[in-house]
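Please read them with the structure open beside you.

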Amino acid sequence: MVAGSDPISLDELIRTVRNGLYIGRIWYTYPINGLRAGDFTCTVVGDSFIIRDGRIVAPLKANTVRINDNITRVLEHVLGVTKDTKGTLVWAAEEVVYTPEIAVTGVHVDAIAGFMEALA
């Protein structure tokens, strides 16, 4: 179970983000530079949206962005946590992790398809 010390609603969390991405589902997540470094990469594959002015305004096309970041940096930059938790499934794993939705500042995201150029 993952929980926050001052949880808020998902709508409040999105308003707090103001401008960014809501990442719903990732795939092909794996470590880079060895496990000790904490660096990882993953592809955003679905259930994801663009946030502008604190509102979800459009879906993010699947397989157009990749997250390249460091798990320690991500955990040190948590902006907020929702009060509701939901089960997250890990491919080929028997365990289910119950976690809130978490907003993180400064996540490194790279475009991997031309769709992102139209958002600038």
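1. Ile-56 is partly exposed, with a relative accessible area of 39%, where partly exposed covers the range between buried, under 20% relative accessible area, and exposed, over 50% (1.4 Å probe, protein chains only). Ile-56 belongs to strand β5, which spans residues 55–59; strands (E, at least two residues) and helices (H or I, at least four) are DSSP runs numbered from the N terminus. Leaving aside neighbours within four places in sequence, Ile-56 is in contact with Ile-14, Phe-49, Ile-50 and Ile-51, contact meaning heavy atoms within 4.5 Å. The C-alpha atoms of Ile-56 and Val-107 are separated by 18 Å, and the two residues are 51 apart along the chain.

2. A word on the basis of these values: this is a predicted model, in which local features need pLDDT of at least 70 and side-chain atom pairs count only at pLDDT 80 or more, whereas totals for chains, interfaces and linings use all residues. Residues are numbered from 1 along each chain as its sequence is written, and side-chain values use heavy atoms, with hydrogens and water left out.

3. The structure holds 2 aromatic pairs, a pair being rings of Phe, Tyr or Trp (its six-membered ring) whose centres lie within 6.5 Å, with planes under 30 degrees apart called stacked, over 60 edge-to-face and the rest tilted. Tyr-22 and Phe-49 form a tilted pair, at 6.1 Å centre to centre and with 50° between the planes. Tyr-22 lies in strand β1 and Phe-49 in strand β4 (residues 49–52), so this pair ties together parts that are 27 residues apart in sequence. Trp-27 is partly exposed, with a relative accessible area of 36%, and Tyr-28 counts as exposed at 54%.

4. Which residues make up the largest nonpolar core? It has 8 residues, namely Phe-40, Cys-42, Val-44, Ile-50, Leu-60, Val-65, Ile-67 and Val-74; a nonpolar core is a set of buried Ala, Val, Leu, Ile, Met, Phe, Trp, Tyr and Cys residues joined through side-chain atoms within 4.5 Å. The elements that give two or more residues to this core are β3 and β6 (65–70), and β3 gives the most, with 3 residues. Val-44, one of the core residues, touches several residues beyond four places away in sequence, among them Ile-23, Arg-25, Ile-26, Leu-60 and Val-65.

5. The largest pocket holds about 1,900 Å³ of space and is lined by 43 residues, of which Ile-23, Gly-24, Arg-25, Ile-26 and Ile-102 lie nearest its centre. On a 1 Å grid over the protein atoms alone, a pocket is an open set of points where a 1.4 Å probe fits, with protein on both sides within 12 Å along at least five of seven lines, and lining residues have an atom within 4 Å of a point. Grid points are joined across faces, edges and corners, and the volume is the space filled by probe spheres set on the points. β8 gives the most to this lining, with 7 residues. The lining residues divide into 30 nonpolar, 9 polar and 4 charged, where Ala, Val, Leu, Ile, Met, Phe, Trp, Tyr, Cys and Pro count as nonpolar, Asp, Glu, Lys and Arg as charged, and the others, Gly among them, as polar.

6. Thr-99 counts as buried at 14% relative accessibility, and, not counting residues up to four places away in sequence, Thr-99 touches Val-2, Asp-84, Thr-85, Lys-86 and Thr-88. Tyr-98 is partly exposed, with a relative accessible area of 45%, and Tyr-98 and Val-44, 54 residues apart in sequence, are 20 Å apart in space, C-alpha to C-alpha.

7. Please also check the backbone at two asparagines. Most residues other than glycine have a negative phi. Asn-33, in the loop between β2 and β3, has a positive phi of about 65° and is exposed, with a relative accessible area of 62%. Asn-63, in the loop between β5 and β6, has a positive phi near 60° and is partly exposed, with a relative accessible area of 44%.
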